[in-house]
Amino acid sequence: MSVEIAANIVFWLSAAALAYAYLGYPLLVAAVASLRPRCVRRDEKFSPRVSVVITAYNEERDLAAKLENTLALDYPKDLLEIIVASDCSSDRTDEIARSFAARGVRLHRQAERRGKTAAQNAAVELARGDIILFSDATTLYRSDVLRAMLPNFADSSIGCVAGRLIYVDPARSSVGQGARSYWGYETFLKRNESRASSLIGVSGCLYAVRRDAYVPLYEEACSDFIIATKMVEQNLRAVYEPAAVCTEETNRRSDREMRMRVRVITQTFTDLWRHRAMLNPLRGGFYSVQLLSHKVLRYLVPVLLVAVLSSSAALAPRSVFFALVAASQLLFYAAAVASLLLERAGVHSRLLALPQYFVLANAAALAACYKFARGERYARWEPIREQAHATASATADEATDDSTRATTFDATGETSVETADETTVAAAGEPVGKKALSLTAGAAWMMLARSFAFALTFAVPLLLVRRLSQTEFGLYKQIVLVVTTGVMILPLGVFMSAYYFLPRERERRRQIVCNILLFNLAVGLVVCLPLITRPQLLAALLHNPELVALAPLVGVALLLWINTSTLEAVAVANGELKLATLFIVADQLAKAVLLLSAAILFGTVRAVVLAMIAHGAFECALLLAYVRSRFGAFWRGFEFETLRAQLAYALPLGVAAVVAGIYLYLDNYFVSYRFTPAEYAIYATGCFNIPLVDLLAASVNSVMIPRVSQLQSAGARREIVVLVARMTRKLAAFNLPLYFFLLVMAREFIVTLFTTNYLASLPIFVINITLIPLGLIGAAYDPVIRAYAEHRYFLLRVRVVLLAALAAALWYVTKNYGLVGAITVMLAVNAAERFVVGWRVRGILEVSWRDLPLFKDVGKIAVCSILAASAALAARAALFGVKPLFVLAACAAAFGVVYAVALLLLGVPSAEEREAVLRRAARLLRLAPTRGAVDPLS
């Protein structure tokens, strides 16, 4: 049997089993319930004596309310007995129960802690009622719950009646929303299973059992599940009564929901194994079919999911259908991971809640299967929801709910919902009680996220360069060029106004964000619509007719990608740096999954563009979820005066950014127009920017811009100079060694990343990386120019002049000096801008020669880098003939050792920095306690 045939068999069998588990079985049980319903003979006058058993362990927060709710039930008091079964509680649970003794509440305290089921068994022994109603301390009943349930027991074939549990989610958390959706599906099954045969499980917070049919259960049993099987073994039924209603709050966090589900499923596995005879349809009839379908097969779903993903991925290269199936699964799992990351940051998305809960539920089933196989069993339980409530106010990721909703039962027993006024939502997003991060700490968080993003997406071009021909790769790079340029220039820097206005205009936060999103949408449509209606425009711009067919897709990608930086900017400006890092990780994870899937499964440019569109849609959903959670109904916040103020601030800088974006990529457009796509692929490879350089610069800039803006508004000019010097020193410690290392190892770097087919890009690469040290100047002046808004027109004038010079020079050199001429002109213009604007900023900050010592470490770092590059050059000569990858690794090691030693010998690291490095290294090795290191920039 071939691998392809085996993969097809695995895929279709697993897919069929999944389809039956989630769709086929519900249809089957609904059909049986409709065609052969088993009715219940109810007697509304049936009024037996009832014992309510409330099991509790450390429920002091909820027990009093629960007892008041139970005493208020609409049932004769002389027929009602209430027993609190305390499983050796260590808080005030027992004291609270005793305080209700005068009102007929009895307390049974276990001598030792043995678990919920043991407590139930003991309470039933003490009960005097004909019907035992089991409940939890956190569950509230509607007053008519007994009037709805008890008439079913007039039918002698009924041994157990389960009520209807309604989950409420006051926090509107992702896991809560997922749980409610899942529970709606389960409720549908319960209705039909009850009518077709018997329930296979009940809600542990509301079910009643005949006293004479109750069988004491072993202590590790999941009583909610196995009680139904115990009824069927006695030829009785467990039925569902939807009119008997109770409410319970969902868990707010995935980790707590995960622990609860793992415990319950592990107990269910134990019960299934002990009662495996009931899985035989010859003995159990249709009830056995229900057990096999609803429990056994459902808990095997994780295995089926793995089988479907692996088999579809194996078949994807040979089939468009399987490629789409595999890509869809990866996107679904990426959405689940993104939702989990957002939940940790206090942002909840309804769109992503169901994927998250589906993955969580199946991960719990997999973990429970492993625990059961290892012989782990559960008897005692922890009140997970109680802990979640108790810590809710103190937990950062739960303190950011966009509104508060509480569901209770009023005096009439009807459900009432109280919702906070929407006008209070805006304040909920304030970073209350959060200490401002230092420059180093803030930049470190941003760098961490961006580095992770780099690691995820770096492989895409490296994979495509091996999957596509040189001409196809050139076409791909042309599309990336258009999208990148559009993302840079189309927003006109308006999103950057968030950095300036959000910290200063707290009362107009909603308007500021609304204006940014509306502006992005408007400019996106201005570019998207022409590319859809006149696709030949893109082909004419880049002189490539193959772009005509792809132009509409590129337009849609541009429309969606235009918000690339908005989410991060708004989160950072709102003081939520750690949240911004989670956004970057979630966003880039989805991007990596989609683009890599397109590259691996299809290996075509069209597939990659479609993946870009899917990623843009995901990014927009993430943005809308965040702004909705932090700013409420932001779409109602449009205010023309605020927009005018934002545009007045942003447009001069934005137009300067447009000009900068044009002349930053203008050489690429000239080369693309003058040369073939294959030749452009060589040029684009040579212009490869080291992502970590841009990541570090952008991370530092995200923190520097609001910090410098605050200092400027306070008139602290000298502090700005010191801050810029410290920032330059830290950037130089990375940029300068990287530049000198790449300078001596350029050949090995190109061959390792892009194969020998692209060696012609070597001279272009060597010239292009000169931008790395020049980037120090740009990183130093950009926050200052943005903070001193009165100088923003100077930057615009400089760039306009340089753009004209660049266009003229490129027209001449691309015709006469080819690719090397184009990159040389680009470098010269960029260097001119940095020196001219840098000199102007020197005047703004009144920097003099007396301030030169502040930058002395930059010179020392340059010396250390040159010494390390010499060592790498020597190592390279000694490794002649060795594979480039190994040469690169060995020379990097030599470079790193010499660079570190040189830094120490020249005294570049301060005493605080050395101490911080040693402390963090010791912490990683678990040799030191986790204390915060001293930050020299804080």
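How accessible is Tyr185: buried, exposed or partly exposed? I looked it up before anything else. Tyr185 is partly exposed, at 23% relative accessibility.

**Ground rules**

I'm working on a predicted model, where local features need pLDDT of at least 70 and side-chain atom pairs count only at pLDDT 80 or more, while totals for chains, interfaces and linings use all residues. Residues are numbered from 1 along each chain as its sequence is written, and side-chain values use heavy atoms, with hydrogens and water left out.

**Entry: rings**

I counted the aromatic pairs and got 20. A pair means rings of Phe, Tyr or Trp (its six-membered ring) with centres within 6.5 Å; planes under 30 degrees apart are stacked, over 60 edge-to-face, and the rest tilted. Tyr22 and Tyr185 make a tilted pair, with 6.4 Å between centres and 45 degrees between planes. The two come from distant parts of the chain, 163 residues apart: Tyr22 sits in helix H1 (residues 3–35) and Tyr185 in helix H6 (residues 174–196). My helices and strands are DSSP runs numbered from the N terminus (helices are H or I with at least four residues, strands are E with at least two). Tyr22 is partly exposed too, with a relative accessible area of 25%.

**Entry: charges over rings**

Next I looked for a charge over a ring, which needs NZ of Lys or CZ of Arg within 6 Å of the ring centre and within 35 degrees of the ring normal. Lys66 lies over the face of Tyr141, 3.6 Å from the ring centre. I also found the charged end of Arg113 over the ring of Tyr57, at 3.5 Å from its centre.

Is Lys66 buried or exposed? Lys66 counts as buried, at 0% relative accessibility. I placed Lys66 in helix H2 (residues 63–71). Lys66 and Leu140 are 74 residues apart in sequence, yet their C-alphas are 6.3 Å apart in space.

**Entry: a cavity**

How many cavities of 30 Å³ or more does the structure hold? I got 2. On a 1 Å grid over the protein atoms alone, a cavity is a set of points where a 1.4 Å probe fits but cannot get out, and lining residues have an atom within 4 Å of a point. Points are joined across faces, edges and corners, and a volume is the space filled by probe spheres set on them.

I picked the second largest cavity, with a volume of about 30 Å³. Its lining is Pro461, Phe473, Lys477, Ala684, Thr685, Phe688 and Phe754. By class I noted 5 nonpolar, 1 polar and 1 charged residues. Nonpolar here means Ala, Val, Leu, Ile, Met, Phe, Trp, Tyr, Cys and Pro; charged means Asp, Glu, Lys and Arg; the others, Gly among them, are polar. Helix H17 (470–489) and helix H26 (677–686) each give at least two residues to this lining.

I checked H26 as well: 9 of its 10 residues are buried. Among them are Ala684 and Thr685, and both of these also line the cavity.

**Entry: a helix by length**

Helix H11 (residues 301–315) has 15 residues and spans 21 Å from its first C-alpha to its last, close to the 21 Å expected at 1.5 Å a residue. The expected span is 1.5 Å times one less than the number of residues. Its buried residues include Leu304, Leu305, Val308 and Leu315.

Most residues other than glycine have a negative phi. I found Cys88 with a positive phi near 60 degrees, in the loop between strand E2 (80–86) and helix H3 (93–98). Asn235 is positive as well, at about 65 degrees. Asn235 lies in the loop between helix H7 (223–233) and strand E8 (237–249) and is exposed, at 70% relative accessible area.

Asn520, in helix H19 (residues 509–533), is buried at 0%. Asn574 sits in the loop between helix H22 (566–573) and helix H23 (577–601) and is buried at 1%. I noted that Asn574 and Leu502 are 72 residues apart in sequence and 6.4 Å apart in space, C-alpha to C-alpha.

Conventions. 1 Å grid on protein atoms, 1.4 Å probe; cavity = no way out; pocket = protein on both sides within 12 Å on 5 of 7 lines; lining within 4 Å. Buried < 20%, exposed > 50% of the residue type's maximum accessible area, 1.4 Å probe, protein only.
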